[in-house]
Amino acid sequence: MDLYVYYHVRSSECDGFRAKALAMQHNLARACGVATALKRRPEEKDGLQTWMEVYLAVDEEFESRLNQAVAAHGLSEWVQGPRHTEQFLDVSLCA
């Protein structure tokens, strides 16, 4: 299963947020052996940018570890509104 987590960050705070999010993902990749990516939409709206964390080939317990990492790294302070998590399976597993 792959996890995609998206949310909004104030454009004026993106540099500080980026450093925190990348540090968190680096720690998760090392501890859990997962591939990660950090992305954002190119445009902004009302002073906010949409960001997305990507975690590939995670197990059922990963989301709990991710939530702990978000709390430990203080990412919630930077996020405006809720974090939205979506799960996707490879189509080969859906047959």
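Visitor: In β3, which residue is the bridge partner of Leu 3?

Guide: Strands here are DSSP runs of E with at least two residues, helices are runs of H or I with at least four, and both are numbered from the N terminus. In this predicted model, the bridge partner of Leu 3 is Tyr 55 of β3, and eight bridges join β1 to β3, which run antiparallel. The model is a prediction, in which local features need pLDDT of at least 70 and side-chain atom pairs count only at pLDDT 80 or more, while totals for chains, interfaces and linings use all residues. Residues are numbered from 1 along each chain as its sequence is written, and side-chain values use heavy atoms, leaving out hydrogens and water.

Visitor: What is the order of the four strands in the open sheet?

Guide: Two strands pair if DSSP finds at least two bridges between them. Here the order is β2-β3-β1-β4, with antiparallel pairing. Because β2 (35-45) and β4 stand at the edges with a single partner strand each, one side of each is left without a neighbour in the sheet.

Visitor: Why do the buried residues of α2 line one face of the helix?

Guide: An α-helix has 3.6 residues a turn, so residues three or four places apart point the same way. Buried means under 20% relative accessible area, exposed over 50%, and partly exposed in between, with a 1.4 Å probe and protein chains only. In α2 (residues 62-72), Phe 62, Leu 66, Ala 69 and Val 70 are buried. Seen down the axis of α2, these residues fall within an arc of 100°, taken from the directions from the helix axis to the C-beta atoms, so they line one face. On the other side of α2, Gln 68, Ala 71 and Ala 72 are exposed.
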